[in-house]
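These are my notebook entries on one structure. I record what I looked up and what I found.

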Amino acid sequence: MTTPGPSPEHDPLLLCYCTDLTIGQLREACRAGTWPLPGKERTGKLCTGCLGDFLLCLDRFSAAAGNARADR
Amino acid sequence: MSSSSALCSATFVDPGYDHLVELVHQRDRAAHRRLEALELELYEPGGASLGRMAVDTRQETLDLAALVAARAPGVARVMVTFDARYDSRVFPYRPHHYAYLKLRDSPDAPLYYAVNATLGGVPERIEAVTRQNNFETYLFLSRPAGERYGLRLGNLARFSPVEAQVITFHGEARAVVPVTLAPHQHADVELPLEREGARLRRVELKTLFRLASYVTGRRADSGGLVLFDHLFTYFK
């Protein structure tokens with residue numbers, strides 16, 4: 001089963017309801033190589049409800065950041 | 001909103017029931033003021049959105065049956081998410097929404113339940129984080145409440161599908177039912193009341209991440225709900 005991933009229009013949405021992390025914050029942290037952000041380290045580990053989306057976003061944002069670095 | 005805490009709960013709505021939701025269980029006026037925002041979203045069983053709407057947080061009780069009937073007429077089962085933002089001072093008490101559920105024109109007693117808190121709710125501050133809350137269980141009474149049991153599951157993820165395991169225990173017999181749910185898809189999983197002469201005693205739910213989940217029990221004749229309850233986390 002494949003699903004569309006997060007696009008920039010999703011950036012304002014709350015990804016982790018426990019640590020108050022938005023999709024855009026995770027995208028930017030991955031781009032800048034600063035993940036995990038201070039205070040957001042427990043993302044995905046508390047209520048666990050966001051864990052699927054968190055891992056999916058982390059994977060795709062990290063891959064995108066790696067590709068961007070490789071293209072430089 | 002920066003000082004807000006977020007909680008996203010979910011329930012399921014069947015046609016033919018009175019279904020009222022108390023938006024803030026705390027009875028004092030200050031508690032109402034601390035519910036800063038609430039948005040509901042409705043999903044059909046396949047996961048497609050049937051609409052998102054803001055709710056007036058000043059109202060005490062929401063007629064969920066009427067709202068769903070107006071927005072999603074004819075849909076047999078609708079998952080409703082309650083995306084709430086609270087003033088953080090309301091915690092560590094977790095402000096569940098509580099609900100009243102009753103089949104219309106039925107002599108059965110109404111059911112009361114806490115709407116399943118699925119995302120957020122600062123679990124570390126209510127000491128729930130020591131529990132592995134994506135593994136859940138439910139023990140059935142030896143004298144069954146209903147003649148048909150089920151497990152109602154909803155995936156609140158926006159992007160990620162989930163593969164869940166529903167494990168039933170009839171005496172010593174253990175059976176595993178795999179359930180795959182796309183984002184916002186929801187399903188009813190039938191739990192056989194008996195297997196090889198043994199009664200259903202327990203059900204377990206194991207998933208990568210927490211789902212919206214309820215155990216249901218129904219009358220064989222009317223199909224009316226006589227049990228609608230959340231499961232319990234069991235690993236500490």
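The entries below go from the whole of one chain to its parts, and then to its partner chain.

**Entry 1: conventions.** I noted that this is a predicted model, in which local features need pLDDT of at least 70, side-chain atom pairs count only at pLDDT 80 or more, and totals for chains, interfaces and linings use all residues. Residues are numbered from 1 along each chain as its sequence is written, while chains are lettered from A and ligands numbered from 1 in the order in which they are written.

**Entry 2: chain B as a whole.** I found two helices and 19 strands in chain B; helices (H or I, at least four residues) and strands (E, at least two) are DSSP runs, numbered from the N terminus. Of the 236 residues in chain B, 40% are buried. A residue is buried if 20 or more other C-beta atoms lie within 10 Å of its own, exposed if 12 or fewer, and partly exposed in between, with C-beta atoms placed from the backbone.

**Entry 3: the two domains.** I looked up the division of chain B and found domain 1 (4-124) and domain 2 (135-233); such bounds come from an automatic or database domain assignment. The C-alpha centres of these two domains of chain B lie 21 Å apart. I then asked how many residues of domain 1 of chain B are in contact with domain 2 of chain B. The count is 20 residues of domain 1 with 20 residues of domain 2, where contact requires C-beta atoms, placed from the backbone, within 7 Å. The side of domain 1 of chain B that touches domain 2 has twelve nonpolar, six polar and two charged residues. Here Ala, Val, Leu, Ile, Met, Phe, Trp, Tyr, Cys and Pro count as nonpolar, Asp, Glu, Lys and Arg as charged, and the others, Gly among them, as polar.

**Entry 4: an open sheet.** I traced five strands of chain B in the order β4-β3-β6-β1-β9, with antiparallel pairing; two strands pair if DSSP finds at least two bridges between them. The edge strands, β4 (49-54) and β9 of chain B, each pair on one side only. Within the sheet, β1(B) and β6(B) are joined by ten bridges, and Leu7(B) has Ala84(B) in β6(B) as its bridge partner.

**Entry 5: helix α2(B).** Which residues of helix α2 (residues 64-71) of chain B are buried? I listed Leu64(B), Ala65(B), Leu67(B) and Val68(B). The face of α2(B) turned away from its buried side carries the exposed residues Ala66(B) and Ala70(B). The buried residues pack against β1, β2 (17-22), β3 (35-43), β5 (61-63) and β6 of chain B.

**Entry 6: strand β17(B).** Six of the seven residues of strand β17 (residues 212-218) of chain B are buried, so β17(B) is largely enclosed by the rest of the structure. Strand β11 (residues 148-154) of chain B runs antiparallel to β17(B), with seven bridges; Gly154(B) is bridged to Ala212(B). Four bridges join β17(B) to strand β18 (residues 225-229) of chain B, also in the antiparallel sense, and Thr216(B) has Phe228(B) as its partner. In the hairpin of β17(B) and β18(B), six residues lie between the strands, and Gly223(B) takes a positive phi near 75 degrees.

**Entry 7: chain A.** I found 26 residues of chain B in contact with 17 residues of chain A. The side of chain B that touches chain A has 16 nonpolar, seven polar and three charged residues.

Definitions and conventions: Two residues are in contact if their C-beta atoms, placed from the backbone, lie within 7 Å.
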